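Here is a short report on one protein chain. Have the coordinates open as you read.

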Amino acid sequence: MPEEIKRCTRCILPSTYPNIDFDENGECRVCREFDIMNAKIDWQKREKKLERILKRYRGKGKKYDVLVPYSGGKDSTYTLWMMKEKYNMRCLAFNFDNGFLEPGALAFVKESAAKLGVDLITYSPHKELLNKVYKRALEATGEFCAACVVLIPTAIFRAADTQGIRLIAAGFSDVLESPPPETSYMDRVCFKDIMKPAFNLKELKWDYFFPSWKRMFGVKQINLPNYIPWDLPSIYKTLNKELDFGKDISTVRYDCLGTPHSSYLFRERTGFGKYEYLYANMTRAGVIDREHALKIVEEREPKEAPEGFNEFLEEMGCDNSIMKDLKKKSVFNFKTRNRSFRKLAMRVRKLLP
Ligand SMILES: [Zn+2]
């Protein structure tokens, strides 16, 4: 990365990040907003709340009390381990294979589920439909990830619903993983609007849309990192000791083989990279030091098309012509769900027992 890029002195966000400004110490607005949010968190209170929730579901399912979405990455592995070993929940691990799963990840998923004595189901929708959705998302919005952003939560919900499981415990960390709201957004109204010209929507119904609100409200979802401090160094330590995880904070491996390609497309479109914001999040939260993050980003962030990029596009039925006008493409060119309705639905889901 050329030295002239101005970066936040605390996290590593570059001056190309949307609406960024730096204070007199060189710290960015995202860092300042993080501090304000963080000061309000009472972890003891949150952990008590978690225990109350789990108590309500423990021993209550037919065979399983909780469904744990399981990709084999550090966060989902730790969530599964905690649910089984610490919280004593009867778990069903659910692995979603989008066809781009790194083979090592899938092998680890199977091994570790067996080691933990947890049942595992995998769902891999056939490639033809997936590729059609990826292609349309890429051509319309400049990003193919939108397809999985909708597909994966739906698949997780369907798995819980069809197995009669009322609680989903995932390892998604908003603080560490959420993409910038200025560049990324998705809801099902938006997804429908994007897909409409390319699909008979019936084709997408099962995999991309939830059934009735009533059924949806019958399943509660929690993200474990919202309830307990997500201390990555100690998480890696536990996983290496208990499950031969074989990784640490500096081994950046992709669970999804599409990541380098999506990061490259994202950078071409927005002027900054996915690794940049992900490692900025980690640096800000204090789980990795700034120098280390910069080094990883320097190594990983694709500045030009990654190896196999054209073949990757070809697999989805696209070619290099999608790069034309890439900067004009965005999910924000499509309809989105009414904000107040969205907020209301989220509140109701949170209030669920
Ligand atoms: Zn910052």
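Strand β1, helix α3 (residues 74-86) and strand β2 form a right-handed β-α-β unit. Right-handed has a viewing rule: with the strands pointing away from the viewer, the path from the first strand over the helix to the second runs clockwise. Helices here are DSSP runs of H or I with at least four residues, strands are E runs of at least two, and both are numbered from the N terminus.

The model is predicted; local features need pLDDT of at least 70, side-chain atom pairs count only at pLDDT 80 or more, and totals for chains, interfaces and linings use all residues. Residues are numbered from 1 along each chain as its sequence is written.

**Overall dimensions**

The protein has 16 helices and five strands. Its C-alpha atoms fill a box of roughly 55 × 50 × 40 Å along the principal axes. A compact globule of 353 residues would have a radius of gyration near 20 Å, and the protein agrees, with 20 Å. That radius is taken over C-alpha atoms, and the globule rule is 2.2 Å times the number of residues to the power 0.38.

Of the 353 residues, 35% count as buried. Buried means that 20 or more other C-beta atoms lie within 10 Å of the residue's own; exposed means 12 or fewer; partly exposed is in between; C-beta atoms are placed from the backbone. Among contacts between residues at least 6 apart in sequence, 74% join residues at least 24 apart. A contact requires C-beta atoms, placed from the backbone, within 7 Å.

**Strands**

Strand β1 (residues 66-69) is covered on both faces. V66 and V68 lie on one side, L67 and P69 on the other, and all are buried. β1 runs parallel to β2 (residues 91-96), joined by four bridges. Pairing requires at least two DSSP bridges between two strands. V66 has C91 as its bridge partner in β2.

Strand β4 (residues 167-170) also has buried residues on both sides: L167 and A169 point one way, I168 and A170 the other. β4 pairs with β5 (residues 220-223) in the parallel sense, over four bridges.

**Cores**

Which residues touch the most other members of the largest nonpolar core? They are V66, L67, V68 and A147, in a core of 58 residues. Helix α6 (residues 145-163) gives the most to this core, ten residues. A second, separate core has 19 residues, including I12, Y17, Y277 and I296. A nonpolar core is a set of buried Ala, Val, Leu, Ile, Met, Phe, Trp, Tyr and Cys residues joined through C-beta atoms within 7 Å. In soluble globular proteins, nonpolar side chains tend to be buried together.

V68 deserves a look. Leaving aside neighbours within four places in sequence, V68 contacts S76, T79, L80, M83, C91, A93, F94 and A169. L54 is 14 residues from V68 in sequence and 13 Å away in space, C-alpha to C-alpha. L54 sits in helix α2 (residues 43-57). L54 counts as buried because it has 20 C-beta neighbours inside 10 Å. Beyond four places in sequence, L54 is in contact with Y87 and M89.

**Helices and the residues after them**

Two helices can be set side by side. The expected span is 1.5 Å times one less than the number of residues.

| Helix | Residues | Span, first to last C-alpha | Expected span |
|---|---|---|---|
| α5 | 127-141 (15 residues) | 20 Å | 21 Å |
| α11 | 232-243 (twelve residues) | 16 Å | 16 Å |

The buried residues of α5 are L130, V133, Y134, R136, A137, L138, A140 and T141. They pack against α6 and α8 (188-195). Just after α5, G142 takes a positive phi of about 85°.

α11 is followed by D244. D244 is not a glycine, yet its phi is positive, about 45°. D244 lies in the loop between α11 and α12 (259-270). Is D244 buried or exposed? D244 counts as exposed, because it has 11 C-beta neighbours inside 10 Å.

D325 is not a glycine either, and its phi is positive at about 60°. D325 lies in the loop between α15 (309-315) and α16 (339-351). With 9 other C-beta atoms within 10 Å, D325 is exposed.

Technical notes
Two residues are in contact if their C-beta atoms, placed from the backbone, lie within 7 Å.
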